[in-house]
Amino acid sequence: MPDTILVVVEQREGKLNRVSWETITAGQAIAAATGWTLEAAVVGSAPASIAAEVAGKKLAKVYAIESPKLEPYTPDAFAAALKQFLSSKQPKLVLMPHTYQVRDFVPKLATAMGRTVISDCIGFKHESGKLVFTRQMFQGKLAADVSFTSEAPWFATFQNGAFRGDKAEEGASAAPVETVSVDIADGVIRNKPQEVFKEAKQAVDLTQAEIIVAVGRGIKEQKNIEIAKQLADALGGDLAASRPICDSGWLPMDRQIGSSGQTVAPKLYLALGISGAIQHIVGMKGSRAIIAVNKDSEAPIFEIADYAIVGNLFDIIPPLIEEVKKAKAGG
Amino acid sequence: MLFFRKPIEGVERPQMPADVVIVGGGPAGMACALRLAQLIDAHNAAHPDAQLSKENIYVLEKAREIGQHCLSGALLDPRAIAELLPDFEKEAPLDAKVIKEGVYFLTEKSKFKFPITPPFLRDHGNYVISLNKFVKWLGSKVEETGITIFTGFAGSELLFEGDRVTGVRTDDKGVDKEGHPKSNFEPGYDLKAKVVILAEGPRGSLTKQLIEKFDLAKDANPQTYGVGIKELWEVPSGRIAAGEVIYTMGWPLTTHEYGGAWIYGSKDNVVSLGFVTGLDYADPRLDPQRVLQQFKRHPWVAKLLEGGKMIRYGAKTMPYGGWWAIPPVAGNGWMILGDSAGFLNSARLKGIHLAIKSGMLAAETAFDALKKDDSSAAMLGQFQKKVESSWIKQELWKVRNLHQGFENGMFAGMFHTGLQMITGGRGLRNRYPAKAGYAHMQKLSNLPADGGPEAHLLGPAKGDGKLTFDKLTDLYHSGTKHEEDQPSHLVIHDTNVCNTKCVKEYGSPCQNFCPANVYEMVDDASQPNGKRISLNPSNCVHCKTCDIADPYQIITWVPPEGGGGPNYDGM
């Protein structure tokens, strides 16, 4: 019996991750080079429909590995299910896409089976009977050829974009699908999944803001940011800051204006307690109107300000907020 | 809360075997790589049956691009490059041949020309270059040979087995401010090398690790340094000829400080000017960036620059302790080159040619080591012998006592220099002792409150925005950029010293000697003196002044995440 390559496609909440097509293309290429048999597997609580979708490709067989305990996704359950399946099937090579989910469970799976993973590969070579995988080192400056010396099953993951998903060959007829139920004992799953974390979209796109109230070191203390925020709210503008403020963690980095932050050009830019180092100025000098408040009459910010207010911002801002509110209410 | 950079523990690091790893892609490292490739190519052509590979020879360079962190005056003495690449004149970026030189002594308002140019400052036959452009070119020659240069990768620590250096660990990438791995975390590589060559420039961080580990400096004089603060200007035509070289002594420094300025006319009306201040001054309030600003206010200099524009800024230290300050430069698995070793002629203020020559000699030794597959201390010790029998020693021997002569001020220095010139470098004795620069720094209580004769050198420069600049404006022109979310690569071993001791005793000189505003004392009512040290590591221009000049010696400079740093285009 020839050796087998098994592609584990990725699904999450019942949807196929399209990068899986790339892994199938990779599997087909390795199968063509080695003469090994290519099969695929889907892991989940209800993998049937995805298995059927995958079965359209040129594959010898598709396994739907199922257990109610596979939903929601946990690395414990996935590693346990695949370990059970792989231990009985004994494929030579197991391929997966190098996704966050795979990176989450595959080290556990390989360790549990006493095997190694060649991760994040960008290609393979089959030379005189030896299968070699290529992976990048030194941020892509070097390509290393790596091969397995351990016993099968071998695990390898492919980098996103290493193969073309649209080149996955269709099968002449649908591949047979076999459902494999796995038993995941109580106590195996120790992870308690929380809601899926999505990196917060940048809360503000300061480059689109029409009015920006920016604070600098002159604000003195974190709690004083509140008065700048009140002014920004009263004006209907956004709050921003110079670097020392974001450096101290008083405002998030995405609100930093200047050479190491964002470059903005609002209609109105209010600089409160910002001295105006060139590093800040390059990020806001395109503003239509600049109002600067600073105690130091020689602060460089005044050189580019349209309106200069020399004074203590704690004396100036509160009445300004009141005036803005009055004007808005009146208007 | 400050968190300092150190290699992340408990991660599995990718290992990579290497024949030779050269840390630092400056003139020394590049010359070493190129010479090694030349030797291997010649060997392979002559011995088809015993081929040596260049594939496992690597250069680590922390800058994102080759040459980006290279800063010097610079004048090139072509002696070494002519040995390395006899045809260099046809292709190297040489901006101008030196046509005229002058040495001046400045007072606040006037200047006096030295009637004769001292022999060591005669520069006919030398070239005005941009070290940045020169190293870029040298790097391209290295890449043509097939040797890999890993730009954006720093050497973060040396790997040891017993008394042997066995490799270099590169920097961890994707570590956040508190030292946690980020989603893009990539652990540094362990490059296991037969031969590790340190060419990190002055006060190399791995060199420092090596010297400390094996106490290599025990028989050497303490290394002494200066910091060169440089600005590149574009001036109206006719002010200075391309190839005109000017050195000054005197004002704005007093007779107590060691240092001087250079002004080099380059092509296209570009002027390189800078001021080297010896990092052995007494007053902790002295600010080398301010010294340069004061220098530019001298009527003669101001006139030269009038109507011009400052286009680049940078700073770099230089080692000028001389021959007696050089530690052993080879041992079991390692060699040290260029400024990391201290190969710099302090009379001529030149080190590029010595860096290149030391790189070439180390390459010869590394080549023999590869051929014989032996990189023991005995084998690599050949490099030490080669240095001692080459013109590197000849040149440095003549000026071996120069800087030490100046430790007690300018007049004593000139006396000793004169004496040394007529005694082949000996002066009053074969070996003058030296004291580390930071040990000269005085506590505020011993100094006049108003600064006395040094008052004009103390505290931050204000800058008029045309001729003179405050530090932040200058810094902006260094093009410095770092990943902001990473631990501080300025490692302060005990911040209590900053907050409780130094602030009182020395008034926090870090704020003054750092030419890039990295160090700041911020108000903090919870501290006994109301001030707390705060760091802006992403301002750092990698000059190493802090590591050298801090009077308590509690700052260690380590490389930040590779790729960060200044952008010295044209410097």
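This is a short tour of a predicted two-chain model, one selection at a time.

Residues are numbered from 1 along each chain as its sequence is written, while chains are lettered from A and ligands numbered from 1 in the order in which they are written. Because the model is predicted, local features need pLDDT of at least 70 and side-chain atom pairs count only at pLDDT 80 or more, whereas totals for chains, interfaces and linings use all residues.

**Stop 1: the whole of chain B**

Chain B holds 17 helices and 24 strands; helices (H or I, at least four residues) and strands (E, at least two) are DSSP runs, numbered from the N terminus. Its radius of gyration is 23 Å, close to the 25 Å that the globule rule gives for 571 residues, so chain B is as compact as a globular protein of that length. That radius is taken over C-alpha atoms, and the globule rule is 2.2 Å times the number of residues to the power 0.38. Along its principal axes, the C-alpha trace of chain B spans about 70 × 60 × 50 Å.

Now colour chain B by domain, with bounds that come from an automatic or database domain assignment. Domain 1 covers 15–74 + 135–222 + 323–398, domain 2 covers 95–130 + 223–319, domain 3 covers 402–437 and domain 4 covers 438–557. Look at domains 2 and 3 of chain B, whose C-alpha centres lie 23 Å apart. Each of these two domains gives 8 residues to their contact, where two residues are in contact if their C-beta atoms, placed from the backbone, lie within 7 Å. On the domain 2 side there are 3 nonpolar, 4 polar and 1 charged. Here Ala, Val, Leu, Ile, Met, Phe, Trp, Tyr, Cys and Pro count as nonpolar, Asp, Glu, Lys and Arg as charged, and the others, Gly among them, as polar.

**Stop 2: strand β13 of chain B**

Select residues 190–198 of chain B, which form β13(B). Two strands pair if DSSP finds at least two bridges between them.

Gly167(B) has Lys192(B) as its bridge partner.

**Stop 3: two crossing helices**

Select α1(B) (residues 27–46) and α9(B) (residues 352–372), whose axes come within 7 Å and cross at roughly 40°. Axes are lines fitted to C-alpha atoms, for helices over the stretch in contact, and angles run from 0 to 180 degrees between N-to-C directions. Among the residues that meet are Leu36(B) and Leu39(B) from α1(B), and Ile356(B) and Phe367(B) from α9(B). The contact divides into 15 nonpolar, 3 polar and 2 charged residues.

**Stop 4: a cis bond in chain B**

Zoom in on Trp251(B) and Pro252(B), where the joining peptide bond is cis, with omega near 10°. Pro252(B) sits in the loop between β15 (244–250) and β16 (259–265) of chain B.

**Stop 5: where the chains touch**

Show both chains. In their contact, 10 residues of chain B meet 10 residues of chain A. Which element gives the largest share of the chain B side? That is α14(B), with 3 residues, found at 471–476.

**Stop 6: chain A**

Select chain A, which is divided into domain 1 (4–181) and domain 2 (206–330). The centres of these domains, taken over C-alpha atoms, are separated by 53 Å.

An open, parallel sheet in chain A has 5 strands in the order β13-β12-β14-β15-β16. Its edge strands are β13 (238–241) and β16 (307–310), each pairing on one side only. The twist averages 15° from one strand to the next. Within this sheet, Val213(A) has Leu239(A) in β13(A) as its bridge partner. Helix α5(A) (residues 225–235) lies across β12, β13 and β14 of chain A, running at about 170° to β12(A).

Ala152(A) and Pro153(A) are joined by a cis peptide bond with omega about -5°, and Pro153(A) lies between β9 (142–146) and β10 (154–158) of chain A. Glu13(A), although not a glycine, has a positive phi of about 50°.
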